[in-house]
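Q: I am new to this structure. Can we go through it feature by feature?

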Amino acid sequence: MDLFNSALERNITFVHPAFFIISGLSGIPNIKLYYVFLFFVYIVSVLGNTVVMAVIFFDYNLRSPKYVAVFNLAFVELLGNTALVPKVLDIFLFNHPRIPFNDCLTFLFFCYTCLSMQSFNLVILSYDRIVAIIFPLHYQVKMTHRFVFSLIASFWGFAVIAALISAGLLTRLSFCNSVVINSYFCDHGQIYRLSCNDHFPNYVISCLYPVLIFWLPLVFILLSYLYISCTLAKVATLQQGLKAFKTCIAHLSLVAIYFIPLLITFTLMEKIHPNARIINLSLTAVFPPMLNPIIYVLQTQEIKESVKRLLKIKRNSKISVKHKL
């Protein structure tokens, strides 16, 4: 497309507004209670992910490649929620719906990067389950710290570049009429539709990124568990198969919590009310980071044992201090 050519060569001036207005939910009485609810969800999310990161950091038994990915997932969710929720509360709870153009692009960058990394982290954990169940004797060779760090760095690089391209393409648009974004944050899809010049590259990105960031990871995860199921059905008894699948419950729970609301929204995008879309997407953004730490603490035996050990050490240290006094 011509729009990909240098704007300077063609002497184009882009018209950028001083600010955008985030519309959010409309026509719902007592809607501020919903944002108060999001605040409490955010607090639980911060506490939960901080605990998971602290447990993995302080317990050397959890320094395995799998828990490097879990640590990264907790970090991404903490960063993503911190980038999103306080700003949403400022916009809607404290009535500051205007957001400067550059601030809006920065807001978009952090939200999209963290949302993408959540999906990619689930892919890494899915691969971990394949190797652990199908190739248990090769696990130490295939799932090394170097390999996991390389995967995480590669996904971070892709997510950052993808978000930068999304934000960068918006700077090549002119906004002549409305500056009202019909969403709860600076949503790329809603912003480029406000432009009054050719936004075909943005349209391509809006179609391509969901495939790369959501659909392909979901297909990989589903094929992974299909492969695991078929292999276990051939070589294991029912009891052995159930025991192996029990180790996947936490990961499958995370996958369901993250992908199901997105699938509903993407499938019914044109049919559901804008308020329903906003509520669905906002809950998708804040609920997984809140529930994931709870699921991992309750469903993962290693983390439960680690929490017990750390609490026991802390309790014993307090007792020893009292005896010294």
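Q: How far is the sulfur of C114 from the closest cysteine sulfur, and which residue holds that one?

A: A disulfide is a pair of cysteine sulfur atoms within 2.5 Å. The closest cysteine sulfur to that of C114 lies in C111, at 7.5 Å, so the gap is too far for a bond. One caution first: this is a predicted model, where local features need pLDDT of at least 70, side-chain atom pairs count only at pLDDT 80 or more, and totals for chains, interfaces and linings use all residues. Residues are numbered from 1 along each chain as its sequence is written, and side-chain values use heavy atoms, leaving out hydrogens and water.

Q: Is C114 buried or exposed?

A: Buried means under 20% relative accessible area, exposed means over 50%, and partly exposed is in between (1.4 Å probe, protein chains only). C114 has a relative accessible area of 2%, so this residue is buried. C207, at 39%, is partly exposed.

Q: How many disulfides does a search of the whole structure find?

A: The search finds two. One is formed by C104 and C186, with sulfur atoms 2.0 Å apart. The torsion about its S-S bond is -125 degrees, a left-handed link. Helices (H or I, at least four residues) and strands (E, at least two) are DSSP runs, numbered from the N terminus. C104 sits in helix α3, while C186 is in the loop between β3 and α6, 82 residues apart. Both cysteines, C104 and C186, are buried.

Q: Which cysteine is joined to C176?

A: C196 is the partner, with an S to S distance of 1.8 Å. The link of C176 and C196 is right-handed, with 45 degrees about the S-S bond. C176 lies in the loop between α5 and β3, and C196 in the loop between α6 and α7. The two are 20 residues apart. C176 is partly exposed at 48%, and C196 is partly exposed at 37%. With the bonded cysteines numbered in sequence order, the pairing reads 1-3, 2-4.

Q: In what order do the strands of the sheet run?

A: Two strands pair if DSSP finds at least two bridges between them. Here three strands form an open, mixed sheet in the order β2-β1-β3. β2 (98-100) and β3 (180-181) are the edge strands, each pairing on one side only. β1 (residues 19-22) is parallel to β3, over two bridges. β1 and β2 pair in the antiparallel sense, over three bridges. F19 has P100 in β2 as its bridge partner. I22 has I181 in β3.

Q: Which side chains of β1 are buried?

A: F20 and I22 are buried and point to one face.

Q: Which residues of the largest nonpolar core touch the most other members?

A: In soluble globular proteins, nonpolar side chains tend to be buried together. A nonpolar core is a set of buried Ala, Val, Leu, Ile, Met, Phe, Trp, Tyr and Cys residues joined through side-chain atoms within 4.5 Å. The largest one here has 93 residues, and F20, Y35, L84, F107, Y184, C186 and I191 touch the most other members. Helix α3 gives the largest share, 17 residues.

Q: What does Y35 touch?

A: Contact means heavy atoms within 4.5 Å. Not counting residues up to four places away in sequence, Y35 touches G24, L25, V88, L89, F92 and L93.
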